[in-house]
Amino acid sequence: MIGRGLAVTIGAMALGGCVQIDTPDKPIEINLNINIKQEIVYRLDGDAKKLIEQNSSIF
Amino acid sequence: MSGNWGMKMMMTKMWKPTGIAMAAVAATTAVALLVPSAMAQRDPAYEAARAAGQVGEQPDGYLGYASPPTAAVRAIVDDINIKRKAAYTSGAPAGSTVEQFAFVTGCNLIAKTKPGEKYKAPDGSWKTRDGGAPVRDSRCP
């Protein structure tokens with residue numbers, strides 16, 4: 001029993017020692033430092049569209 | 001020349017008063033048609049900088065430089081960003097912050113970019129808008 005446990009431990013250590021680092025296939029996202037809930041996003045969407053329409057020279 | 005002018009005067013006199021009324025209607029129509037498009041128009045230098053990909057839309061609702069700016073481009077961007085900040089500040093509805101309102105507007109502005117124009121993706125890289133949907137923040141509506 002002890003022998004088997006040791007083998008498992010050694011096996012786990014061997015596996016653990018071999019850390020594989022893969023380059024992420026997706027770009028790392030740097031989130032905008034902004035806290036906004038989804039309900040606020042949807043509530044502001046209409047106002048944002050209106051703002052763009054009414055001030056189109058600056059957008 | 002002077003003969004022509006005299007003829008015009010005569011015709012103007014003959015048109016009275018219907019001529020004046022019609023001219024007034026025509027002028028009103030022209031103003032009604034011209035004013036909204038004049039307001040909607042971007043400064044030609046700004047439009048050119050967008051088309052050339054020198055400036056682009058950022059997820060935060062402001063313009064950024066997609067390539068190192070000239071002094072003229074920097075002046076355009078600074079001017080517009082100041083005006084945008086003022087618009088976000090006065091327009092942010094109750095219960096939302098200026099940054100939140102700017103962010104949601106930025107989502108819309110990136111969605112509205114035309115093919116060839118630049119925008120900043122959530123990973124911070126500048127992308128050129130193509131025929132497909134732009135890469136936007138996952139929180140965008």
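Helix H2 of chain A (residues 38-54) has 17 residues, which at 1.5 Å a residue should span 24 Å; its end C-alpha atoms lie 25 Å apart, in agreement with that expectation. The expected span is 1.5 Å times one less than the number of residues. This is a predicted model, in which local features need pLDDT of at least 70 and side-chain atom pairs count only at pLDDT 80 or more, while totals for chains, interfaces and linings use all residues. Residues are numbered from 1 along each chain as its sequence is written, and chains are lettered from A. Helices (H or I, at least four residues) and strands (E, at least two) are DSSP runs numbered from the N terminus.

H2(A) bends by about 35° at A:Asp45, the bend being the angle between axes fitted to the seven residues ending there and the seven starting there. Within H2(A), A:Leu44, A:Ala48 and A:Leu51 are buried, a state that requires 20 or more other C-beta atoms, placed from the backbone, within 10 Å of the residue's own. An α-helix has 3.6 residues a turn, so residues three or four places apart point the same way. The cover over the buried residues of H2(A) includes H4 and H5 of chain B.

The contact between the chains draws 27 residues from chain B and 23 residues from chain A; two residues are in contact if their C-beta atoms, placed from the backbone, lie within 7 Å. On the side of chain B that touches chain A, the elements giving two or more residues are H2 (18-40), H4 (71-91) and H5 (98-111) of chain B. H5(B) supplies the largest share of that side, eight residues. By class, the side of chain B that touches chain A comprises twelve nonpolar, seven polar and eight charged residues, where Ala, Val, Leu, Ile, Met, Phe, Trp, Tyr, Cys and Pro count as nonpolar, Asp, Glu, Lys and Arg as charged, and the others, Gly among them, as polar.

H4(B) and H5(B) also meet each other: their axes come within 9 Å and cross at roughly 115°. These axes are lines fitted to C-alpha atoms over the stretch in contact, with angles from 0 to 180 degrees between N-to-C directions. B:Tyr88, B:Thr89 and B:Gly91 of H4(B) make this contact with B:Val98, B:Phe101, B:Ala102 and B:Thr105 of H5(B). Its residues divide into four nonpolar, three polar and no charged.

Chain B as a whole has five helices and four strands, in the order α-α-α-β-β-α-α-β-β from the N terminus. Of its 141 residues, 26% count as buried.

Conventions
A residue is buried if 20 or more other C-beta atoms lie within 10 Å of its own, exposed if 12 or fewer, and partly exposed in between; C-beta atoms are placed from the backbone.
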